[in-house]
Amino acid sequence: MAAVTLLETTAVAKRFGGLAAVDHVDFSLNQGEIRAIIGPNGAGKTTLVSLISGRLRPTSGRISFAGEDITRLKSYQRVGRGIVYTFQVTSIFRSLSCYENVALAAQRSLGGGLFGAEPAIAERVETALRHVNLDDRHELAAGELPYGHQRLLEVAMGLALDPKLLILDEPTQGLAPGEIASFCELIRHIASRATILLIEHNMPVVLELASRITVMDRGKIIAEGAPDEIEGNPEVQRAYLGTSHAEA
Amino acid sequence: MSGGGKGGRIAALHLAVIAVLFAAQFLLPAYHHGNVARIMVLTSFAVGYNVLLGYTGLLSLGHAMFFAAGLYGAGLPLYYFEIGALQAFGLGLLASLALALCFGLVALRASGIAFLIVTLMFAQAFFLATLYFNEITLGDQGFVLSEQARTVTLGGVSFSFADPVVKYNAALLLFACCMLGCLALVRSPIGRVLVAIRENEPRTRMLGYNTYVYKLIALVVSGVMAGAAGAGYALLFAYVGSTFATIQYSIYALLWTLLGGVGTVLGPFVGTGLMFYLIDIAGDFTTSYLLVVGVVLLVLILWYPKGLLGSLRARWLPWLP
């Protein structure tokens with residue numbers, strides 16, 4: 001199968017004062033893959049995906065998505081194109097019900113003016129909540145969910161937006177081992193419809209899910225390849241895998 | 001939002017409030033009859049205020065400006081030119097709409113405290129302008145509209161807003177339109193986004209919403225409701241003066257909304273009615289009725305930040321919109 005490029009960054013850079021958080025990175029993503037970005041803290045992973053999702057503006061460089069230049073699009077416009085970002089620190093509407101949380105996402109992709117398409121929204125919400133096994137929690141305030149379920153709710157919000165590219169920033173952080181297994185199952189299921197870009201510290205999860213891995217260090221991409229290539233790459237081991245790989 | 005039974009109950013409650021107010025005109029003694037009409041017009045102002053504060057989370061201290069825009073927008077043409085009362089009302093709405101739109105385009109670039117300050121400054125400038133142009137507006141002395149100017153002829157029958165029955169029912173119509181409009185808005189998809197902005201604006205933006213546009217919609221709806229109340233006030237109560245543009249009236253809108261329950265559709269009515277009678281009764285004992293306003297504000301902020309209906313909703317009535 002010929003790979004179709006979904007996302008491409010060309011020499012994209014972000015400086016914070018004197019610090020080059022992302023330093024002229026060329027990064028590309030094929031349609032349908034599950035890509036993991038790994039790297040030590042401060043490597044620029046979150047900054048890179050923030051540039052892709054539009055939360056941050058690049059200092060220089062160019063980003064294209066599905067063949068179109070999106071460098072100048074604002075974050076809410078990129079969501080309309082199908083780029084969906086779920087936050088590293090769980091970010092939900094805590095005082096609103098689970099239903100309302102997901103309905104907000106569903107409404108964005110289904111449209112709805114003054115009166116909207118409530119039945120279609122309700123159906124989309126139901127499907128998304130069923131995927132993450134929260135379909136019995138419609139009326140519960142999101143802030144009252146246990147932490148692991150809040151992360152799942154956030155994934156459901158991402159799903160309800162019907163993304164082409166779903167960016168997950170450290171999705172398994174803070175989850176119990178049992179929850180991680182079902183989370184991986186869920187990601188694989190979503191991957192049948194969307195391309196997934198994953199920032200993850202948990203190496204077993206990365207090795208299990210990712211079709212390709214990109215390694216970042218100090219704002220640059222230092223290696224990229226299939227999981228077994230990355231594991232064997234000496235530069236990667238020196239920069240990052242060294243200790244944590246020994247433990248795994 | 002889900003479940004038809006809940007929607008039916010909500011509609012029934014709000015229609016019942018309107019029905020009770022309609023019936024009340026046959027029972028109320030003349031003094032209270034007039035008071036309730038005034039309360040309903042002022043409530044429309046507070047309902048508009050609540051759309052912005054209660055459902056979008058934007059705190060304004062300049063809403064008297066929109067009320068006064070409606071008041072002058074309707075009052076000045078009536079006073080100087082022989083136009084119909086309904087046309088004057090329409091001009092009042094247009095004036096507040098234009099003002100809210102222009103103001104929003106500028107002020108919504110700020111948020112939080114900065115937004116608050118901008119609302120305060122604009123409103124102060126507006127108030128000073130009504131004094132500066134006192135040859136036209138007659139400043140804080142104001143002017144009184146004649147009964148003839150406040151008469152509408154519909155289908156060959158003429159209604160004078162000086163007539164208590166017409167006054168009461170016109171006030172009720174204005175109140176019902178604003179309240180039901182607010183209810184429809186907050187239960188619509190737009191309302192859902194406004195509440196999301198109130199709860200977490202950055203997240204709402206990352207769900208793909210242009211929050212600036214939604215805030216602008218809320219501000220315009222809010223400003224037009226305040227303007228409708230102002231235009232209605234000019235027509236029903238005949239007096240137009242710059243007192244209504246002072247910060248005191250902006251604070252009243254805030255206070256009425258807080259007292260009744262910020263973010264509840266009926267809260268502004270409860271708050272306006274209570275405050276009106278509280279000041280009315282206090283006025284019998286003391287001339288410093290503003291002291292009462294201050295004390296109520298303090299008590300609210302310290303012990304009942306959710307207001308009356310807000311506390312009621314938190315305890316017993318979670319379905320209350």
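Predicted model: local features only at pLDDT ≥ 70, side-chain atom pairs only at ≥ 80, totals over all residues.
**A walk through a two-chain model**

Let me begin with the nonpolar core: the largest one holds 168 residues, and the members that touch the most other members are A:Val102, A:Ala156, A:Ala160, B:Phe67, B:Ala68 and B:Leu71. The largest share of this core comes from helix 10 of chain B, residues 211-237, which contributes 16 residues.

Next, the contact between the chains, to which chain A gives 25 residues and chain B gives 17 residues. On the side of chain B that touches chain A, helix 8 (189-199) and helix 9 (201-206) each supply at least two residues, and helix 8 of chain B gives the most, with six residues. If we sort the residues on that side of chain B by class, we find eight nonpolar, five polar and four charged.

Now to a pair of helices within chain B. In general, two packed helices are described by the angle between their axes and the distance between the axes. Here, helix 12 of chain B, residues 267-285, packs against helix 14 of chain B, residues 307-315, at an angle of about 135 degrees, and their axes are 8 Å apart. Helix 12 and helix 14 of chain B are therefore described as oblique to each other. On the helix 12 side of chain B the contact is made by B:Gly267, B:Val270 and B:Gly271, while helix 14 of chain B brings B:Gly307, B:Leu308, B:Leu309 and B:Gly310. By class, this contact of helix 12 with helix 14 of chain B has three nonpolar and four polar residues, with no charged residues.

I will finish with two backbone details in chain A. A:Ala11, although it is not a glycine, has a positive phi of about 45 degrees, and this residue is found in strand 1 of chain A, residues 5-16. Is A:Ala11 buried or exposed? A:Ala11 counts as exposed, because it has 12 C-beta neighbours inside 10 Å.

The other is A:Asp162, again not a glycine, with a positive phi of about 55 degrees. A:Asp162 lies in the loop between helix 5 (147-160) and strand 7 (165-169) of chain A, and, with 18 other C-beta atoms within 10 Å, A:Asp162 is partly exposed.

Definitions and conventions
Residues numbered from 1 in each chain as written. Chains lettered and ligands numbered in written order. Core = buried A, V, L, I, M, F, W, Y, C linked by C-beta atoms within 7 Å. Buried ≥ 20, exposed ≤ 12 C-beta atoms within 10 Å, placed from the backbone. Helix = DSSP H or I, 4+ residues; strand = E, 2+ residues; numbered from the N terminus. Contact = placed C-beta atoms within 7 Å. Nonpolar A, V, L, I, M, F, W, Y, C, P; charged D, E, K, R; others polar. Axes fitted to C-alpha atoms, helices over the stretch in contact; angles between N-to-C directions. Parallel < 35°, antiparallel > 145°, perpendicular 65-115°, else oblique.
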